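Visitor: Can you walk me through this one? I'd like the contacts and the packing, with cut-offs.

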Amino acid sequence: YQETELYRWATHDGPCVLLIDEIDGSHPNALLSINAALANGLAVFPTGQVDIASDKLVIATANTAGEGATAKHNARFKQDAALLDRFVHYVHWGLHEPTEELIAVKHNHGTKETVAVSRMIRKNLASSGIAREWGARRTYALCRAVAAGFDIKKAAKLSGLGTLDKQQVKRALEGVTL
């Protein structure tokens, strides 16, 4: 028997958190096996039945609320209602800009000025109605491109604006200087 993360979580002595990252990207049939552990405080493994202690917590992250694919997240699965019912609290957690800046500067060779430009691009895209995701990963890519020697506008094109038409790029870069 090969121990899984679910088994280690269930049998861990003391408080423990099981994080299921990107749960909406998992096939719904694969997740049916965790329903009992989530709701009944009981899990069955090849080694036997395990009672789940009340100090165990499960957190799932997702890009959707389990309702299936969206225009932005088209590879997401509609999850079974029985699974969704087991998660009693839903929290929308948007982009946390202080954390974005910290990671950009510390791990992606960024500067506060480059991060500010990225935020301006994000704002310009949203206010222009341009359907281009510009989250933290685009900020990190922009920082790395600038650190590699590209000017800010070329770096922005390399970091996610390159597939837009010229007018969209112009609107996205409006007010951008560095």
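Guide: Let's begin at the start of α8, where a side-chain oxygen of Asp151 comes to within 3.0 Å of the backbone nitrogen of Lys153. That is a polar contact, meaning a pair of N or O atoms within 3.5 Å; within protein, one must be able to donate a hydrogen and the other to accept it, and residues adjacent in sequence count only if both atoms are side-chain atoms. Helices (H or I, at least four residues) and strands (E, at least two) are DSSP runs, numbered from the N terminus.

Visitor: What are the ground rules for the coordinates?

Guide: This is a predicted model, in which local features need pLDDT of at least 70 and side-chain atom pairs count only at pLDDT 80 or more, while totals for chains, interfaces and linings use all residues. Residues are numbered from 1 along each chain as its sequence is written, and side-chain values use heavy atoms, with hydrogens and water left out.

Visitor: Which residues of α8 are buried?

Guide: In α8 (residues 152-161) they are Ile152, Ala155, Ala156, Ser159, Gly160 and Leu161. Buried means under 20% relative accessible area, exposed over 50%, and partly exposed in between (1.4 Å probe, protein chains only). Seen down the axis of α8, these buried residues fall within an arc of 145 degrees, so they line one face of the helix. The arc is that of the directions from the helix axis to the C-beta atoms.

Visitor: What covers the buried residues of α8?

Guide: The cover includes α6 (112-128), α7 (136-147) and α9 (166-172). Contact here means heavy atoms within 4.5 Å.

Visitor: Switching to charges. How many salt bridges are there?

Guide: A search of the whole structure gives 13. The criterion is a side-chain nitrogen of Lys or Arg within 4 Å of a carboxyl oxygen of Asp or Glu. Side chains of opposite charge can pair when their charged atoms come close.

Visitor: Which residues are linked in a network of salt bridges?

Guide: One such network links Glu97, Glu100, Glu101, Lys112, Arg119 and Arg122.

Visitor: Is Glu100 buried or exposed?

Guide: Glu100 is buried, at 1% relative accessibility. Arg122 is buried too, with a relative accessible area of 17%, while Arg119 is partly exposed at 23%.

Visitor: What else touches that group?

Guide: Gly135, in the loop between α6 and α7, touches Glu100 and Arg122, not counting residues up to four places away in sequence. Gly135 counts as buried at 18% relative accessibility. The C-alpha atoms of Gly135 and Arg119 are separated by 8.9 Å, with the two residues 16 apart along the chain.

Visitor: Now the hydrophobic part. Which residues of the largest nonpolar core touch the most other members?

Guide: Trp9 and Phe45, out of 18 residues in that core. At least two core residues come from each of α1 (5-11), β1 (16-20) and β2 (42-45), and α1 gives the most, with four. A nonpolar core is a set of buried Ala, Val, Leu, Ile, Met, Phe, Trp, Tyr and Cys residues joined through side-chain atoms within 4.5 Å.

Visitor: What does Trp9 touch?

Guide: Not counting residues up to four places away in sequence, Trp9 touches Cys16, Val17, Leu18, Ala37, Ile52, Lys56, Leu57 and Val58.

Visitor: Last one: how do β2 and β3 pair?

Guide: They run antiparallel, with four bridges joining β2 to β3 (residues 48-51); two strands pair if DSSP finds at least two bridges between them. Val44 has Gln49 as its bridge partner in β3. The two strands form a hairpin with two residues between them.
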